[in-house]
Amino acid sequence: MPVFLFDKIIFGPVQSRRLGVSLGINLLPTDYKFCNFDCIYCECGRTYKDKFRSKQFHLREEVKSELERVLKEMKVQKNPPDVITFAGNGEPTIHPDFEDIINDTIKIRDQYFKKARIAVLSNATMIHKKTVFNALNKVDENILKLDSAFDETIKLLNNPPGNFKVNELVENLKAFKGNLTVQTMFVTGIYNNIHIDNTTEKEITAWLKLINDIKPKQVMVYTIERDTPSPGLKKVSPEKLYEIAERVKSIGFNVQVSL
């Protein structure tokens, strides 16, 4: 099974196909994935909760110290990042000190590279928490996942926890009042002998309705780039992604296609 894990708290900078020159922050373990989703397309591999141990997160002070060290070096080298991105080996908003870490990051960013944006890539499962909601409203790029309008498709693609309901997620996304980007992974293929395709007319029509309800400032559409832990999955063609993007534009929203 292919696995791509980040082995440091701060990684990069790397060239992100969505964000530009990105300096990454991984709040999660470096030797295994820590997430409350188990997406079948995730480049970090599958989620094995039996691996979760007591020391699960990097401490706030560790993150702060490492970020300042790296940005100081980049300042000396005159190598500015376009964006500082919270991503890494799972779901960053699970960290119990997430809001405090965001506050630290804003202060350090302003000291070294004031023009750099701060981004968070999240599956949106924790946005019901006040601290997470507040933190995400402070960053420049609040990028939240919505892979389908249907519970059954989300269950297949993302393996969400508990009694996950798309309609509840959408209500939480609407609470941002447009201060968010909706990010959707489009895939097709076979998983556990089940055909999966969130690019069908039924899927896209229902998804577009939710986009119109949420009213994000931007929509990101993309497909798998690296190997996945599910070999039966396939990339969606550029033609299909651009077709979906045109339909997003037609209802009045800015859209970015990442190939």
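Q: At what angle do helix α1 and helix α2 cross, and how far apart are the axes?
A: In this predicted model, the axes of α1 (residues 60-76) and α2 (residues 98-112) come within 10 Å and cross at roughly 15°. Axes are lines fitted to C-alpha atoms over the stretch in contact, with angles from 0 to 180 degrees between N-to-C directions. Helices are DSSP runs of H or I, at least four residues, numbered from the N terminus.

Q: What does that make α1 and α2, roughly parallel or roughly antiparallel?
A: Roughly parallel, a label for angles under 35 degrees.

Q: Which residues make the contact?
A: From α1, R60, V63, K64, L67, E68, L71, K72 and K75; from α2, D100, I101, D104, T105, I108, R109, Q111 and Y112. Contact means heavy atoms within 4.5 Å. By class, the α1 contact with α2 has six nonpolar, two polar and eight charged residues.

Q: What are the cut-offs behind the model?
A: Local features need pLDDT of at least 70 and side-chain atom pairs count only at pLDDT 80 or more, while totals for chains, interfaces and linings use all residues. Residues are numbered from 1 along each chain as its sequence is written, and side-chain values use heavy atoms, without hydrogens or water.

Q: Now α6 and α7: what angle and distance?
A: α6 (residues 201-214) packs on α7 (residues 238-250) at about 30°, with the axes 11 Å apart. They are therefore roughly parallel too. E201, I204, T205, W207 and L208 of α6 meet I244, R247 and V248 of α7.

Q: Where else does W207 show up?
A: In the largest nonpolar core, which has 78 residues; W207, L71 and V221 have the most contacts inside it. Such a core is a set of buried (under 20% relative accessible area, 1.4 Å probe, protein chains only) Ala, Val, Leu, Ile, Met, Phe, Trp, Tyr and Cys residues joined through side-chain atoms within 4.5 Å. Leaving out residues up to four places away in sequence, W207 touches L146, A149, T184, F186, V219, V221, I244 and V248.

Q: Backbone next. Which residues does a cis peptide bond join?
A: G12 and P13, with omega about 10°. P13 lies in strand β1 (residues 10-16).

Q: Which non-glycine residue has a positive phi of about 75°?
A: A124, in the loop between β4 (117-122) and α3 (130-138). A124 is buried, at 2% relative accessible area. K78 also has a positive phi, about 55°, but K78 is exposed (over 50%), at 74%.

Notes
Helices (H or I, at least four residues) and strands (E, at least two) are DSSP runs, numbered from the N terminus. Angles under 35 degrees count as roughly parallel, over 145 as roughly antiparallel, 65 to 115 as roughly perpendicular and the rest as oblique. Ala, Val, Leu, Ile, Met, Phe, Trp, Tyr, Cys and Pro count as nonpolar, Asp, Glu, Lys and Arg as charged, and the others, Gly among them, as polar.
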